[in-house]
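Subject: Structure for your review

Hello,

Here is the structure you are taking over.

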Amino acid sequence: MKEGWEAVIGMEIHAQLATETKIFCACAANFGDEPNANTCPVCLGLPGALPVLNEKVVELGAKAALSLGLNVNETSIFARKNYFYPDLPKGYQISQFDEPICGEGFLDILVEGKGAKRIGIQRIHMEEDAGKSMHLASTTLVNLNRAGVLCRYRGEKVSVKLCVANRSKPMLLQLLFPTPQRPRRPVCPI
Ligand SMILES: [Zn+2]
């Protein structure tokens, strides 16, 4: 590294929470099921469908936030992130923008030979996933089983010497994938 320069790296980490169902409907959040087996009018974005928030997502998000020293906001608002993509038939993702579930916090890690280092965390917000495009030789298919849940973590001003990122990842995974519990299934209005 050139003297006087410091590389600053930010990370955005997407993690699927350990819920049995998707974030806004009662469809299973299983991985590897038959394509489009786990879909309903809500996650397909059909006209008149209404999302219902899965309480387990909020509970796990809040637990992760408290584990990382983040403030859990009393008011948290979802917003539509509008964009077009072939695996997003409704034309928007339900996400969080200016009022996410959690504010600033940190993660302390150990750096070999240097002791503890504190990594700033900007926020955690909840967001549904889009579908998955499968590109074949002559056509593209879409699997909409993945309209699951994502949590996003944004680090700030992380030194490039953070090759220890590989160490912090399992810690985050432990936080986000606790001992499986049977979540309450949300009531689908459709
Ligand atoms: Zn669904």
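Residue numbers start from 1 along each chain, following the sequence as written. This is a predicted model, so local features need pLDDT of at least 70 and side-chain atom pairs count only at pLDDT 80 or more, while totals for chains, interfaces and linings use all residues.

Confidence

pLDDT is the predictor's confidence in each residue, from 0 to 100. The protein chain has a mean pLDDT of 75, and 77% of its residues reach 70 or more. A contact requires the C-beta atoms of two residues, placed from the backbone, to lie within 7 Å. Where pLDDT is low, the predicted coordinates should not be read in detail.

Layout

Helices (H or I, at least four residues) and strands (E, at least two) are DSSP runs, numbered from the N terminus. The protein chain has three helices and ten strands, in the sequence order β-β-α-α-β-β-β-β-β-β-β-β-α. Of contacts between residues at least 6 apart in sequence, 70% join residues at least 24 apart.

A residue is buried if 20 or more other C-beta atoms lie within 10 Å of its own, exposed if 12 or fewer, and partly exposed in between, with C-beta atoms placed from the backbone. By that count, buried residues make up 25% of the 190 residues in the protein chain.

Core and helix 2

A nonpolar core is a set of buried Ala, Val, Leu, Ile, Met, Phe, Trp, Tyr and Cys residues joined through C-beta atoms within 7 Å. The largest one holds 20 residues, of which Cys43, Ala65, Leu70 and Ile124 touch the most other members. Helix 1 (41–44), helix 2 (55–67) and strand 6 (115–128) are the elements that give two or more residues to this core. Leaving out residues up to four places away in sequence, Ala65 touches Leu70, Val72, Ile101, Cys102, Gly105 and Ile124.

Helix 2 has 13 residues and spans 19 Å from its first C-alpha to its last, close to the 18 Å expected at 1.5 Å a residue. The expected span is 1.5 Å times one less than the number of residues. Its buried residues include Lys56, Val57, Leu60, Gly61, Ala64 and Ala65.

Hairpin

Which strand does a hairpin join to strand 8? The partner is strand 7, and four residues connect the two. Strand 7 (residues 132–135) and strand 8 (residues 140–143) pair in the antiparallel sense over four bridges; strands count as paired if DSSP finds at least two bridges between them. Met134 has Leu141 in strand 8 as its bridge partner.

Single residues

Most residues other than glycine have a negative phi. Asn36 has a positive phi near 65 degrees. Asn36 lies in the loop between strand 2 (12–15) and helix 1, and is partly exposed because it has 13 C-beta neighbours inside 10 Å.

Glu20 lies in the loop between strand 2 and helix 1. Glu20 is partly exposed, with 17 other C-beta atoms within 10 Å. Its C-alpha is 7.2 Å from that of Asn30, ten residues apart in sequence.

His14 is in strand 2 and counts as exposed because it has 11 C-beta neighbours inside 10 Å. The C-alpha atoms of His14 and His125 are separated by 9.9 Å, although the two are 111 residues apart along the chain.

Asp98 sits in the loop between strand 4 (92–96) and strand 5 (105–111). Asp98 is exposed, with 7 C-beta neighbours inside 10 Å. Asp98 and Ile77 are 21 residues apart in sequence and 7.9 Å apart, C-alpha to C-alpha.

Regards
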